[in-house]
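Please look over the sequence and the model shown here before reading on. The paragraphs that follow take the strands one after another and then turn to the core.

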Amino acid sequence: MRKKTLFLVLMLCFGILIAGANGTQEAGSASDSDAINITVVYHDTGIEFGQVIKSGAMAAAKEFGANVNWVGPIGINVDEQVNFIENAITAGVDGLAISNVNAEALNPMIDKAMDAGIPVVTFNSEAPGSKRLAFYGQDLKQSGYVQGQILAEYMKGKGKVIITSGDASASWSQDREAGVRKALAEYPDIEIVQVVSTGWEEQQMYAAIENALLANPDLGGLATLGAPTTMAGGRALLRSGRFDKVMHVGHDFMPETLDNIKAGATKATLSQNPYMQGYLPVKNLYLYITTGVKLKSEDTGIVRCDASNVDTYLQKLEDGEPIG
């Protein structure tokens with residue numbers, strides 16, 4: 001009896017591991033033969049931010065009775081992301097939602113899917129120049145501009161600034177950087193002294209930011225362009241004790257970032273509503289496929305968190321609300 005029970009447990013664990021390796025699927029109320037199959041391909045399924053997007057996608061799957069397959073590499077890997085898209089095209093899915101972190105590699109895949117009759121929308125990271133039908137995410141240039149204005153506010157209009165990004169060559173990063181530069185150009189006494197492309201490995205990212213801080217002892221401001229670098233930037237300032245002199249403004253409402261705001265190491269961060277970046281693509285693809293409702297891009301907005309309202313978002317996090 002014990003051997004049989006152990007066998008069943010082992011088989012269950014094996015099944016869970018296989019499911020994890022191939023992504024996450026949530027089925028709606030329709031039968032497998034009738035359900036609409038939508039694949040959502042995110043560029044890094046291993047980060048907390050991605051899990052908030054996933055929760056939105058799965059909520060839409062449940063609401064509309066669609067089968068949604070959430071897939072993507074763990075850690076940004078463009079070749080793997082291309083493979084996930086290729087697999088979805090080969091499988092003949094009914095719809096595709098893609099976050100595009102590398103237009104050179106992914107735009108041709110988006111166009112390939114569209115040419116195969118599969119409607120494609122993008123989310124979180126746009127795909128300019130592709131055949132995609134709609135985009136669901138933040139106006140990244142505007143979010144960078146708002147970030148730069150807030151940073152200048154904390155710096156009182158003067159000082160030296162470093163900009164950091166996990167990948168400064170990515171289109172989303174370039175858009176945000178352009179926005180920051182546009183805002184800071186309005187302040188003649190603010191100088192951008194360095195742009196640091198940190199990479200995505202956590203220790204490497206932290207070390208790159210820490211080294212940049214050490215190399216600029218008279219730094220007055222730090223603008224981090226994404227969720228991982230915002231967490232790492234706040235951590236570096238907290239550990240160095242320089243957050244009273246270096247004003248830090250970043251992006252996204254990750255738990256560590258909210259804690260860093262509470263501690264004073266990060267002055268402000270901007271959310272792009274990642275839950276809706278998962279929910280809207282699935283919802284709108286489903287309605288497009290089933291009823292022909294025209295797909296239309298939607299801006300998921302900009303929300304500011306700082307010392308004045310961080311307790312509200314920490315409570316939301318504690319209550320289990322999907323924020324990020």
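Two strands are said to pair if DSSP finds at least two bridges between them. Helices (H or I, at least four residues) and strands (E, at least two) are DSSP runs, numbered from the N terminus. By that rule, strand β9 (residues 221–224) is joined to β10 by three bridges, and the two run parallel. Within this pairing, L222 is found opposite H248 of β10. Between β9 and β10 the chain passes through helix α8 (residues 227–240), forming a right-handed β-α-β crossover. Right-handed here means that, with the strands pointing away from the viewer, the path from the first strand over the helix to the second runs clockwise.

The model is predicted: local features need pLDDT of at least 70, and side-chain atom pairs count only at pLDDT 80 or more, while totals for chains, interfaces and linings use all residues. Residues are numbered from 1 along each chain as its sequence is written, and side-chain values use heavy atoms, with hydrogens and water left out.

Strand β10 also pairs with strand β11 (residues 268–271), again in the parallel sense and over three bridges. There, H251 stands opposite L270 of β11. A right-handed β-α-β unit is made by β10, helix α9 (residues 255–263) and β11.

How enclosed is β10? Five of the five residues of this strand (residues 247–251) are buried, so β10 is largely enclosed by the rest of the structure. Buried means under 20% relative accessible area, with a 1.4 Å probe and protein chains only. Both faces are covered: M247, V249 and H251 are buried on one side, and H248 and G250 on the other.

Another parallel pair is β7 and strand β8 (residues 190–197), joined by seven bridges. One of the bridges has S165 partnered with S197 in β8. The chain crosses from β7 to β8 through α6, and this β-α-β crossover is right-handed.

In soluble globular proteins, nonpolar side chains tend to be buried together. A nonpolar core is a set of buried Ala, Val, Leu, Ile, Met, Phe, Trp, Tyr and Cys residues joined through side-chain atoms within 4.5 Å. The largest one here has 37 residues, of which V41, I85, I89, L96, I98, L151 and V161 touch the most other members. Elements that each supply at least two of its residues include α3 (78–91), β7 (159–165), β10 and β11. Helix α3 gives the most, with six residues. Apart from this core lies another, of 28 residues, among them V40, A60, V121 and A134.

How values were computed: Buried means under 20% relative accessible area, exposed over 50%, partly exposed in between (1.4 Å probe, protein chains only).
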